[in-house]
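Okay, everyone, thanks for coming. Let me put the model up, and then I'll walk you through the strands and the rings.

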Amino acid sequence: MKLFQATALAVAATWAAMPALAGGLAEAFNEPSVAPAAVVAAAPAAAAAPNRNWSGFYFGAQFGTVDIVASDKSFNGDKSTNGLFAGYRADLGKVVVGIEGNSDKIDLDLNGGAVTVNNVKRLKLIGGYDLGPVLLYGTVAAVRAESTIGNDDGYAMGVGVDYALTRRITLGAEILEHRFENFSGSGIDLDATTVNARIAFRF
């Protein structure tokens, strides 16, 4: 009988203590809440999107080589070149159109110095495809070559690529094929290939 009473008292005491024990465990395992502002503040700031619009004016310098081949094979030669260019492009979405003027200094002696090609000037129309930081384009140009036997007009066509190194600076490469028929009345046709590396500043 005494054993039964002791057991009953122990059970009653245990049930009485359960709410307090449960409250203590709940407080022990309750994780501290994090304020939404703290979560927002911890999130990294979004990086500024680069400027990938090719619209605007630009100017720059180009450096490369020219290889001239004459129809009679007597006026052949090649040399390094350097020049300046300036133009304007309009970015219409994926399509980019533009106009550019440039000039290359050549000073190339042909046929043992009988003829010197001094420089080549171009007025170019450009049509390209916008790939974000990369612009692929094709071009056609009216060309004027100046030499010691006279000046002559021709045409050129080619392709190029520009890469936006920063918002303002672009690096590029371009190859052009030039044609001059009956150069300065000499009866000789000239073909010239230029390959240029280019650096430009946009504004």
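So, some bookkeeping: two strands pair if DSSP finds at least two bridges between them, and strands themselves are DSSP runs of E, at least two residues, numbered from the N terminus. This is a predicted model, so local features need pLDDT of at least 70 and side-chain atom pairs count only at pLDDT 80 or more, while totals for chains, interfaces and linings use all residues. Residues are numbered from 1 along each chain as its sequence is written, and side-chain values use heavy atoms, with hydrogens and water left out.

We've got 8 strands closing up in the order β1-β2-β3-β4-β5-β6-β7-β8, with antiparallel pairing. From one strand to the next, the twist averages 25 degrees, with axes being lines fitted to C-alpha atoms and angles running from 0 to 180 degrees between N-to-C directions.

Let's zoom in on β5, residues 134–147. On one side, β4 is joined to β5 by 13 bridges, and Lys 124 has Ala 141 as its bridge partner in β5. The hairpin there has 3 residues between the strands, and Gly 132 takes a positive phi near 85 degrees.

Now the rings. Phe, Tyr and Trp rings (the six-membered one for Trp) pair if their centres lie within 6.5 Å; planes under 30 degrees apart are stacked, over 60 edge-to-face, and the rest tilted. That gives 7 aromatic pairs. Phe 57 and Tyr 88 make a tilted one, 4.7 Å centre to centre with 55 degrees between the planes. Phe 57 is in β1 and Tyr 88 in β2, so the pair ties together parts that are 31 residues apart in sequence. Phe 57 is partly exposed, at 47% relative accessibility. Phe 201 and Phe 203 have centres 6.5 Å apart and planes at 20 degrees, so they're stacked. Ring pairs link Phe 57, Phe 59, Tyr 88, Phe 201 and Phe 203 into a cluster.

Methods
Helix = DSSP H or I, 4+ residues; strand = E, 2+ residues; numbered from the N terminus. Buried < 20%, exposed > 50% of the residue type's maximum accessible area, 1.4 Å probe, protein only.
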